[in-house]
Amino acid sequence: MSTEITRGPVDKSIDGGIKYLDERYGTSGFIKRNIKKVFPDHWSFMLGEIALYSFIILLLSGVYLTFFYKPSLIEIVYDGSYLPLKGIKMSEAYASTLEISFDVRGGLLMRQVHHWGALLFVAAITVHLLRVFFTGAFRKPRELNWVIGVGLLVLAIFEGFSGYSLPDDLLSGTGIRIASGIALAIPVIGTYVSFLVFGGEFPGLDFMSRLYTLHVLIIPGIMLALITAHLMLVWFQKHTQYPGPGRTNNNVVGYPLMPAYMAKAGGFFFIVFGFLVLLAGLVTINPLWAYGPYMPDQVTAGSQPDWYIGWLDGGTRIMPNWEIVIAGIGTLSLNILIPAVVVPGIMFTLLALYPWIEQWITGDNRAHHILERPRNNPNRTGIGVMSLTFYGLLWIAGGNDIIAQMLDLSINDMTRLIRVAIFVAPPLAFVITKRICLSLQHSDKERLLHGDPTGRLLRLPSGEFIEVHEPLSDNVKAVLLARTELPMLQPPAEVDQSGVKTPKLWAKKLQHRLNRWWYVDQIPMPTIAELEAAKHHAVHELQEAQALGLEITHDLPEPTKSH
Amino acid sequence: MAKAMGTVGISKYRKHPAVLFVLMLVGLIITGGLYSIGATAANKVAKDSVSAAAILNDPASIDAGKRLFATGCATCHGLNAQGASDGPTLIGVGAASVHFQVATGRMPMAAPGAQVMRNKPQYTEEQTLQLAAYVASLSPGPAIPTAAQLNWAGADLAEGGELFRANCAQCHSFSGRGGALTEGKYAPTLMLATPEQIYEAMITGPQAMPIFNDQTLNVEEKQAILKYIEYLKDSPNPGGLELGRYGPVTEGLFLWTVGIGALLMVAIWIGVKAK
């Protein structure tokens, strides 16, 4: 099938608008071509939309906040309407956030929309990323868009942290202090990096205006460009679809953009917007007036970053206090360097490179437009759950003081437990997930061969007991049959025909070994002969049932055509 | 086939995948609801108002306190409050310490652990003061704060906030909701403590808490702190629900459960509508 199939009919209701534009700009062809572009339908395809809409809401609410916020660390005496801080010395930045919260009309609502929106933005990106990962949507030809997505996640985290730091209250100041500590822990250049960022010794007077420029201009600018590229690539490469009847690697089954998706997407935008405003109107986020101004000599119990930094904080909390003092040169702070620089560096690099890593192991060079059910790729699903377990444990470690307080636990016991679990639990999660996936594959094969058990037992005149099975619907069958198998890679030859040694033989051997491990316990799909035999069996089963006068509501299966 | 079985009513949904979750949710709500009803009932403590100074200064109180001490405290602290293997000496701890420990229900201790917990008081206020009078009679120590010391009407709220953040927040947190310390110890929430108890804690330094005597924080500064803590107890929440005031952890939890949860449901709903 050709790509023509991805165009649906143009809705009558928009003909007038297209005509108007065409008479003036001659864009009819372009608009008609794109307005009827077909997108597949599934609720999980809307997770990225939540992120997109949060971003738009963040831009809108953020602009409002810039009208009143002052990125200045000049010390002033507070004289606003919040009495418990009246007469207290604080930075202009903190005073202006108090002003936004208490004296600007709608200011507190906007601030809370902005902060909840930020938490939602990163969370939606994460959920979207998980959907893309577990369904294999990142596979060829969409690797580049995956990398753009990972880049957006990293930028969103930086953007979130810079926003969290702007109010200059006790909590955010503590976060900045830790950030400066992380910069200082970088070997050799750390001190220079910190001095560059802060314009001298921490805290200095310069960093707030620099952070502000990063937060309102540079990072959102880059993100806007990347989001545009991200969406254009989805448009250009077409959206992936789940397996189903009539869906192939060469078509897209769904509805045209206009009016179906315009209505849905528009409606969903307003739901997300409305939900965020409701949340911001009902639930406090970051009551910064209660934290007081940042003073380098003060800290509050329960100082935590927002959730998306929590796992980095957690890593730092469970890291043993290792330092290497090199006489005459300085200190290598492994206690900060490893959890705050090395581990996230490795994690994000692996995340960005994952499509190529998997491709190298599987040797799968095909383009994929049909999504893979997580069970049909047990190793990928296992790796995903393994990573989530690792992340989740660090998350728990990041909130260890609150959890210890709530559950009457000892922080030290938690630290000891997580130090062990961080190495034991992820591999365990991998093995368990992989086994569950393989069991599900088994069950899928059983269903394909025998249909769904109905729980009705028959005793035949011969005395034999049989259970009546219901044949699968075409929809289910199409989904179950969509799994494709790839042959395992052949072991690499030591020398080629001319007797020349194969270059990088060790790498090819490693690839071959990983490839074997990847596929070795995959459940083979039923062969056509097996399906045919099963069908005969089912027909026989039903005939026996009917002979006994049983009411059968479903049709007898027809003989198998080739798949 | 299912139709042939003639199913009606609730059994139609019996095998629905959501049933397990709904049942679990209902079970959890019922269990949690019953528990919280029971817990609130147990926590209600009767308060009696007797003139504290009158009891403390009554010589008969010392004898009464001694008798209470012999039956309730001596097992661990020794017959003459000299201390034993199970409890420290109480000579010199003062009336304030006794009053704090007994009135907050920490003493008599239910069971040894990382930290003695706040509990339902086992003695009436009168008995508590008699115990305090007895222990204070053994050797001088910090006295129960007077009404004048506890009068924070003239104190500066903003100064109290600043002193609170500098001296108290690192353990009790910015909101006074408490925080974790090492090895299972913790700084308790201040929302349950009376101003008198907080003052006593400051001058006696119970358990892991340091002592804030009048050289560290003078009486006016203590009063300012009390004023700020009272403000924290019933300060308005301009932002809406406060989620316990535990900081970003509860905010993140809320976002990942209620926030993402609600929007996922909307997405699924729109997805189902499309079919």
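At roughly what angle do the axes of helix H3 and helix H10 of chain A cross, and within what distance do they come? The points below take this up first, then the chain contact and the domains.

1. This is a predicted model. In chain A, helix H3 covers residues 47–66 and helix H10 covers residues 257–282. Their axes come within 10 Å and cross at roughly 60°. That angle makes H3(A) oblique to H10(A). The crossing is right-handed.

2. H3(A) brings Glu49(A), Ile50(A), Tyr53(A), Ser54(A) and Ile57(A) to this contact. H10(A) answers with Ala265(A), Phe268(A), Phe269(A), Val272(A), Phe273(A) and Leu276(A). By class, the residues of the contact divide into 9 nonpolar, 1 polar and 1 charged.

3. Chain A also touches chain B. That contact takes 58 residues from chain A and 53 residues from chain B. On the chain B side, six elements are listed with at least two residues each: helices H7 (157–167), H8 (169–172), H10 (219–233) and H11 (248–274), and strands E1 (179–180) and E2 (186–187).

4. Which helix of chain B gives the largest share of the side that touches chain A? H11(B) does, with 17 residues. Sorted by class, the side of chain B that touches chain A has 31 nonpolar residues, 16 polar and 6 charged.

5. The domain assignment of chain A gives two entries. Domain 1 is 1–38, and domain 2 is 438–547. Between the C-alpha centres of these domains lie 44 Å.

Technical notes:
Residues numbered from 1 in each chain as written. Chains lettered and ligands numbered in written order. Predicted model: local features only at pLDDT ≥ 70, side-chain atom pairs only at ≥ 80, totals over all residues. Contact = placed C-beta atoms within 7 Å. Helix = DSSP H or I, 4+ residues; strand = E, 2+ residues; numbered from the N terminus. Nonpolar A, V, L, I, M, F, W, Y, C, P; charged D, E, K, R; others polar. Domains from an automatic or database assignment. Axes fitted to C-alpha atoms, helices over the stretch in contact; angles between N-to-C directions. Parallel < 35°, antiparallel > 145°, perpendicular 65-115°, else oblique. Left-handed = near helix turned anticlockwise from the far one by under 90°.
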